[in-house]
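Please read them with the sequence and the model side by side.

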Amino acid sequence: MKTKELGNTLGLVVCAGAALGLFTACSGADVSDEPLEELGTASSEIIAASEVVLHDLSNFSGASQGFGIGRYTLADMAIIGDNTASAITVPAGLRATAFFGDNFGWDVRVFTSDTDLAAAGFDNTISSLVVAHASDPQLDAVTFYENANFSGDSFAFGVGAALLFASPWTAWDLRISSVRVPPGFKVTISDGWIGYPTNTRVLTADANLAPLSFDNKVRSFIIERL
């Protein structure tokens with residue numbers, strides 16, 4: 001069973017956040033006040049068809065836990081546990097937003113169908129989870145897009161920070177043209193190492209970056225909850 005290692009890159013990000021006094025932003029420590037839904041059952045024989053299921057084996061077998069619509073921190077994953085899910089089952093019409101960090105922080109993957117997590121690059125990684133209707137607006141993560149008007153390739157991120165010029169995010173360095181920012185979030189984008197004397201922009205709503213003279217200039221960011 002693997003465990004997550006933040007490594008040197010995220011250590012640098014923590015330092016960058018610390019430079020701004022944003023320790024909670026870098027640790028993903030903010031916790032939503034929204035109530036949590038009741039956990040699903042552990043047995044695959046009686047898990048409801050309306051539940052997202054995390055499995056600890058990539059062939060959708062082994063220990064499993066079901067989750068209905070709601071928000072789940074690590075404390076709610078008592079059956080499947082931390083950093084153990086290797087596959088996810090997502091019924092039609094639902095969306096699972098899976099987070100690298102507890103309390104809905106750091107790297108994010110969004111799933112709307114059954115997925116082998118190893119193949120998706122998110123094996124043994126999930127520490128918190130939001131289940132919603134697929135048609136609902138994405139309110140739990142900031143989404144960055146390669147093109148204007150929220151189009152083209154994209155990636156999502158929870159509360160936390162990233163240096164896009166360092167692994168594993170180098171594919172997005174100097175490539176972002178628009179950002180979707182859900183209500184209650186603040187995103188500080190920078191054209192260098194955030195926290196040092198660089199050009200920055202603060203976003204609290206959806207934005208195209210060209211009118212802000214920041215198109216394809218983002219090299220790092222910090223996401224906070226207001």
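This is a predicted model: local features need pLDDT of at least 70, side-chain atom pairs count only at pLDDT 80 or more; totals for chains, interfaces and linings use all residues.

1. Residues are numbered from 1 along each chain as its sequence is written, and side-chain values use heavy atoms, with hydrogens and water left out.

2. The partner of Arg 175 is Glu 146, and the closest N and O atoms of this salt bridge are 3.2 Å apart; the term requires a side-chain nitrogen of Lys or Arg within 4 Å of a carboxyl oxygen of Asp or Glu. The pair links distant parts of the chain, since Glu 146 belongs to strand 9 and Arg 175 to the loop between strand 11 (160–163) and strand 12 (178–180), 29 residues apart. Strands here are DSSP runs (E, at least two residues), numbered from the N terminus. Glu 146 is likewise partly exposed, at 22% relative accessibility, and a network of salt bridges links Glu 146, Asp 153 and Arg 175.

3. The structure holds 7 salt bridges, and one of them joins the side chains of Arg 71 and Asp 140 at 2.1 Å, N to O. Here too distant parts of the chain are linked, with Arg 71 in strand 3 (residues 70–72) and Asp 140 in the loop between strand 8 (128–133) and strand 9 (142–147), 69 residues apart. Arg 71 is buried, with a relative accessible area of 6%, and Asp 140 is buried as well, at 9%.

4. Lys 186 forms a salt bridge with Glu 224, in which the closest N and O atoms are 3.6 Å apart. Lys 186 lies in strand 13 (residues 185–190) and Glu 224 in strand 16 (residues 220–225), 38 residues apart, and the pair links distant parts of the chain. Lys 186 is partly exposed at 26% relative accessible area, whereas Glu 224 is buried at 14%.

5. How many residues of strand 16 are buried? The count is 5 of its 6 residues, and the strand is mostly covered. Strand 16 runs antiparallel to strand 13, to which 6 bridges join it, and pairs with strand 11 in the antiparallel sense over 4 bridges; pairing requires at least two DSSP bridges between two strands. Within strand 16, Ser 220 is the bridge partner of Leu 163 and also stands opposite Ser 190.

Terms used
Buried means under 20% relative accessible area, exposed over 50%, partly exposed in between (1.4 Å probe, protein chains only).
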